[in-house]
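Let's take a walk through this structure together. Have a look at it first, and then we'll go through a few of its parts.

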Amino acid sequence: MRNSNIFSILNFNGKVVFEDIIEATENFDDIYCVGIGGSGIVYEAKLPTGQVVAVKRIHSPENEELPHNTTFINEIRVMTEIRHCNIVKLYGFCLHNRFMFLVCEYMENGSLSEILCNHQRALELDWDRRMRTIKDVAGALSYLHHDCSPPIVHRDISSNNILFDSKLRACISDFGAAKLLNLDSSNWTTFVGTCGYAAPELAYTMKVTESCDVYSFGVVALELLMGRHPGDLILSLSTSIDQNTMVKDVLDQRLSCPSILGMKEICNLVAVVLSCICWDPKYRPTMRCVTQRLSKCCLPSLDLDDRITLFQLKNLKM
């Protein structure tokens with residue numbers, strides 16, 4: 001096993017596709033690079049069939065061989081079986097004795113992080129699209145946590161790992177850090193994640209749970225609403241909150257003010273998201289609960305005008 005080359009590409013002859021990808025990227029030439037992440041470099045590859053795929057070449061640890069053990073291979077194969085409209089499709093993988101790459105669905109519009117950093121592109125994500133994106137990401141995480149067996153924790157949800165296709169459909173990407181949870185184990189591991197998005201408990205424990213993804217989701221949702229990373233706001237929420245900070249004042253000022261109905265939905269969304277970034281993981285909702293709350297307005301009777309404050313939403317009993 002250790003000296004063999006393993007090819008597994010969905011509905012394809014893996015060895016042939018391997019050769020096609022090497023040819024399409026001219027042996028991973030930089031001109032085909034479309035992104036660089038912590039665990040690898042992503043290339044655009046056009047196959048002879050005309051299909052365009054994203055190929056993520058995984059970094060190998062210095063002076064170490066890439067893993068060829070059966071457990072690792074089986075975990076990757078489980079990932080190829082995930083089918084959800086808001087999760088980037090993993091078509092297959094190549095595990096070579098010199099390198100490894102994953103073959104994924106190509107997402108033309110890049111990452112949420114890239115879009116929000118560009119004024120013109122950020123305007124394309126109007127309030128309706130942003131709220132739809134938040135609900136879609138929540139649904140995808142609920143699927144991973146509650147509908148996969150064993151449950152899957154992504155472990156690295158961030159604005160860099162939310163990608164958009166040509167129609168601005170949002171998908172979760174980059175399962176390089178994903179952990180298949182064995183419910184009979186403690187799931188202790190080394191730290192994996194992105195600073196600013198990782199759950200605070202990971203500073204003192206390496207125990208991986210679905211709640212870690214819930215926290216990261218909350219950060220990304222706030223980032224979508226604010227148009228920037230919400231680090232300062234989260235810090236103020238975890239210490240002492242200004243009771244007069246209004247929801248409308250933290251929303252992305254590049255967009256026009258939402259309608260009355262839009263503001264009501266945003267307030268419902270903010271109330272749910274604030275529960276996701278609770279410092280104590282045992283008080284965070286599950287992603288299934290999040291999707292249920294987002295699907296209908298669960299706010300009790302409140303005067304939902306443009307003067308509604310974060311303090312009011314943070315202290316709601318939902």
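**A helix pair, and onward**

Asp136 is buried, with a relative accessible area of 15%; buried here means under 20%, exposed means over 50%, and partly exposed is anything in between, using a 1.4 Å probe and protein chains only. Before going further, note that this is a predicted model, where local features need pLDDT of at least 70 and side-chain atom pairs count only at pLDDT 80 or more, while totals for chains, interfaces and linings use all residues. Residues are numbered from 1 along each chain as its sequence is written, and side-chain values use heavy atoms, leaving out hydrogens and water.

So who does Asp136 meet? Its side chain joins that of Arg132 in a salt bridge, at 3.2 Å from N to O. The term salt bridge stands for a side-chain nitrogen of Lys or Arg within 4 Å of a carboxyl oxygen of Asp or Glu. Arg132, at 45% relative accessibility, counts as partly exposed. Both residues sit in helix H5 (residues 127–147), four residues apart, or about one turn of the helix. Helices (H or I, at least four residues) and strands (E, at least two) are DSSP runs, numbered from the N terminus. An α-helix has 3.6 residues a turn, so residues three or four places apart point the same way.

How many salt bridges does this rule give? The count comes to eleven. One of them pairs Glu201 with Arg284, whose closest N and O atoms are 2.7 Å apart. Glu201 is in the loop between strand S10 (179–180) and H6, and Arg284 is in the loop between helix H9 (260–276) and helix H10 (287–295), so this pair ties together parts that are 83 residues apart in sequence. Glu201 and Arg284 are both buried. Then there's Arg254 with Asp252, at 3.0 Å between the closest N and O atoms. Arg254 is partly exposed at 26%, whereas Asp252 is buried at 4%. Glu105, Asp165 and Arg169 form a network of salt bridges.

Now for helix H6 (residues 210–226). Its 17 residues should span 24 Å at 1.5 Å a residue, and the end C-alpha atoms are 25 Å apart, which agrees; the expected span is 1.5 Å times one less than the number of residues. Because 16 of the 17 residues of H6 are buried, this helix is largely enclosed by the rest of the structure. Just after H6, Gly227 takes a positive phi of about 80 degrees.
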